Amino acid sequence: MPQQTPEYIHVELPIVQQLTSMGWQYIEGDWDNAEVTERENFKQVLLTERLKAAIKRINLDNNGNPWLDDLQVQAAVSQLERLGANRLMEANQAATELLLKGTTVLGQDGKQHTVHFIEFDPEHCDRNDFLAINQYRVDPPWATGNRGFIVPDMVLLVNGIPLVVIECKSPNLDNPITEAIQDLLKYSNQRGSSQPEGAEKLFYYNLLMIAASRGRATAGTIGANYEHYVDWKDTIPSPQAEIAVQLGVSELNFRQTLIAGMLKPANLIDIFHNFTLFKTSGGHTIKIVPRYQQYRAVYKALYQLQHNQTRAEHGTDDQRGGIIWHTQGSGKSLTMVYLIRKIRTIPELRRFKIVVVTDRRDLEKQLADTAVLTGEPLQKAKNVKKLEQYLQQPGAGLVFGMIQKFKGGEDSDEEAEIEPIPKNLNPSENILVLIDEAHRSHAKTLHTNLLEALPNCVRIGFTGTPIVKAAKKTTLQIFGSFIDEYNIRQSQEDKVTLPIVYEGLEARGTVTQGDDLDKLFEIIFADKTPEERAQIKAKYATKTQVGEARELIKAKAKSMLRHYIERILAGGFKAQVVASTRLAAVRYQEAFVEAQREIVQQLEHRTPLLQSLDTEILESLDAETRFFAQALPHLEIIRKLEFAAIISGDKGDDGSWKKWTDKSQQEINIEKFKKSLDQDNLGILIVKNMLLTGFDAPLEQVLYLDRSLKEYELLQAIARVNRVYNDKKTEGLVVDYYGVDIAAALSVYENIDTESAWFDIRAELPKLRDRHQRVIALFTKNGCTIDDVDACVDLLLDERLRVEFNECFQDFLNTLDTILPRSEARQPYNFVRDAKKLGFIKKAVADLYRDEKLNIISAKEKVRALIDQYIESQGIDPKVPPIDIMSLDFKTHVQRHRSIKAQAAEMEFAARHHISVNYEEDPVYYKNLSEKLTDILESLADNWEEKVEALRKYIEQIQAGRTTDETGLDPKTQMPFLNILGEYSQKELPELAQTTV
């Protein structure tokens, strides 16, 4: 019988009950006996007898009879057991491919025959075996005896194959989901530990890793970090109300929704078969499963395709299509791939010819992989004539139409002419046309042509941006109504995309719409006299000249690079610059190299002075000196930074441009850009039009804008920075050097459609003041000020106050990081100064109370560097953990505390930490130590003098350690086992020792 803990009562048990109600079998796990969970030993992860039975049951001959003998079944199982991969991701990819495609065995006819491990046909899903086991112990290869094993709370096995691991956490914890994810990463050896700490083999076959608590659960895959675990907010294809009735609740919570939506047997098999893929980005392999809005959109589209009227049935328009609007960064193109994969598994839809029309090259690779899975060739049409040829062919097929947007390449301003397609080219009703970026006005001609050439086809339009008010009627006429919508606000709430902070020139008191050149010159050439500015301005009469002017580009590149070093570099992120012309992009690349050289020279020249400056003196110096002081730790990275332009080529181009226009070199630079700065030095890309749509580089955090953009172009461009990467990237940033009136540029949309598209950085200032006030008030309302560190530390003895302080301080730091390095962070009120003091208090509290949740490492790099410098100036190394109780200096360290309460706290929490860390070595011994500590604390509650003395003697006892007693056993290696036996025996320990040794 499991322990009746809050975790079991409120999380594990309800999950078991919901799973069994959906058709899962259930076995209660056992930590001591592997046979209970149908295994010979705990090193096994596959339930081989169930697997063998399933293989025979699934693989039938033409008469519906099993045809595999025991040797053939064992050969198939051996293939699954020996994956031949050393790394977890490689093994998982190999296992996934094997499970999806099956393996081959030699048949009695002497030929190779395919053997499947899982039945994917929805009509025969009942041939699979679905089993849930809780407390599923697995021993890593290096584990011995009863040490070193892992015990996930729940493992879900299909045909004896562990596809899902669930970790449950008590709702009483501060961050149960985070702690559950931490355990999942530990179990799968994905925490980056120097020593193995988990059992990777359990995760070789894994599809989903789920972190669960009372009212919430999130799902991730192999390779996913904390920020990639997301909610599942739909139960499609079952209605949520129906599930709620089955569970006897009025409304489903997020945990119940995820289990119903992802773990219903049919859904789990469907997700594995049709919605799981791998892709490579920045040299890393990434495993992908769908998000709920992608899964929902595919099911809605399939329903319309199967149930709505054709054009002939309706009389005027085909009713089977529509529009899928999923905001940029939420996986719109993957939804297209999922839809195609799913269609090819439904017999009555296999007859459809599927035509994909896009200008996205990256989609071609994904579709090619999909074609392999569906077993059909991908027909690539590079021009309208070729497209026409493929469309005319009768029957099914998968056609990919790459349509050029502009004449002369992507950086041309002249839209390409759409060649006409003959009318009534193919009158079949069994043609599905999927059009990417269906909102674009210039593509309406193409859409109309396709409509006339394929008069009876189904049309589904995909868009990542809202449809402008004026074009909504036309777009709906072409495609039909909305099939599914997933807007900007929803994606940010789900943490699928990040909020975008917009820093416009007007925020710096300058221009709007690039019209006021006087103000533009004032801000870019602030270091020049009015006369010098007038001379420079006289050279440039037009906007194009301004956009391409070397002197202006040099000044802006210098400003951008400084902003990048101050604001972005510390987090390890990258940047993109949008230039006005191809020539401007090339000149920007040159200007960045020159600006880099200047900054490196300045840093090298100033190094001795900067190193001698005290951190507090630095705070009072000018912004220029502060910039170089902040940049100095990153000198080697700055020195190695690389910059590349990516532009389309033209016949009359200068020969030196080839390195920026060559397609193969562009591919190399794109891959370099997607790698982290410690892997590759390419930090900033400069473009005109290229890479502004469909370019997915999660490491990119800032976009520097130096040309006019509006409507969907603007929304697409700024969305380059909204991709989730890690917990340090909490927002994207758009810095405007042109003067775009962003509100006017987006006024063509309905307000609800662009809600949360961007946040002006000026709106963060009131938030900073409010969050600062909240954290300061925590102390002032309790009679403390942050200048009295000892009083603040004593106050935070209360764990509830520590939790509140941690949350308030983290909010304050996040907002401060957004504002820095702007002057408002220090003037008129110096928020940076208070952040340093609060950071010092946090470090002191974390060390004293051994509270790992208060580790300052959770702050972002820029703010953390400031706090670390301040802590170091106070004589403390922020990277050094609290002093260990066994240290020879521990007694001296305790006496340094001026407060007797702090001395008592240091000893109490050091002892608690020591007991917690070492408990498993000798549970009985450390349990006795814990009870003795509790007695001291309770009996001497407010008698501080006596408490300190009692704790001092108690610490001396711990430091002395266990000595050899009358049993004669080794206190470290033998006594722990004797102590455990003693718990269950009536004999005294010496007598028991004689009996057992």
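A nonpolar core, as I use the term here, is a set of buried Ala, Val, Leu, Ile, Met, Phe, Trp, Tyr and Cys residues joined through side-chain atoms within 4.5 Å. I am working on a predicted model.

**Entry 1: the cores**

I looked up the largest nonpolar core, which has 117 residues. Phe117, Ile161, Ile166, Leu263 and Leu434 touch the most other members.

A second, separate core holds 106 residues, among them Met560, Leu603, Trp657 and Phe831.

**Entry 2: aromatic pairs**

How many aromatic pairs does the structure hold? I noted 16. One of them is Trp31 with Phe149, an edge-to-face pair with 5.8 Å centre to centre and 80° between the planes. I checked where the two partners sit: Trp31 is in the loop between β1 (25-28) and α2 (48-58), while Phe149 is in the loop between β4 (130-134) and β5 (154-158), so this pair ties together parts that are 118 residues apart in sequence.

Next I turned to Phe627 and Phe628, which form an edge-to-face pair at 5.0 Å centre to centre with 65° between the planes. Phe627 is buried, with a relative accessible area of 3%, and Phe628 counts as buried at 0%.

Trp232, Phe275, Tyr295, Tyr299 and Tyr338 are linked into a cluster by ring pairs. Arg833 lies over the face of Tyr829, at 5.5 Å from the ring centre.

**Entry 3: helix α29**

I finished with α29, the helix of 17 residues at 764-780. At 1.5 Å a residue α29 should span 24 Å, and its end C-alpha atoms are 24 Å apart, so the two agree.

Which residues of α29 are buried? I listed Glu764, Leu765, Leu768, His772, Val775, Ile776, Leu778 and Phe779. These residues cover an arc of only 145° around the axis, which means they lie on the same side of α29.

Key: Residues numbered from 1 in each chain as written. Predicted model: local features only at pLDDT ≥ 70, side-chain atom pairs only at ≥ 80, totals over all residues. Heavy atoms only, no water. Helix = DSSP H or I, 4+ residues; strand = E, 2+ residues; numbered from the N terminus. Expected span 1.5 Å × (residues − 1). Buried < 20%, exposed > 50% of the residue type's maximum accessible area, 1.4 Å probe, protein only. Arc of directions from axis to C-beta. Phe/Tyr/Trp six-rings, centres within 6.5 Å; stacked < 30°, edge-to-face > 60°. Lys NZ or Arg CZ within 6 Å of the ring centre and 35° of its normal.
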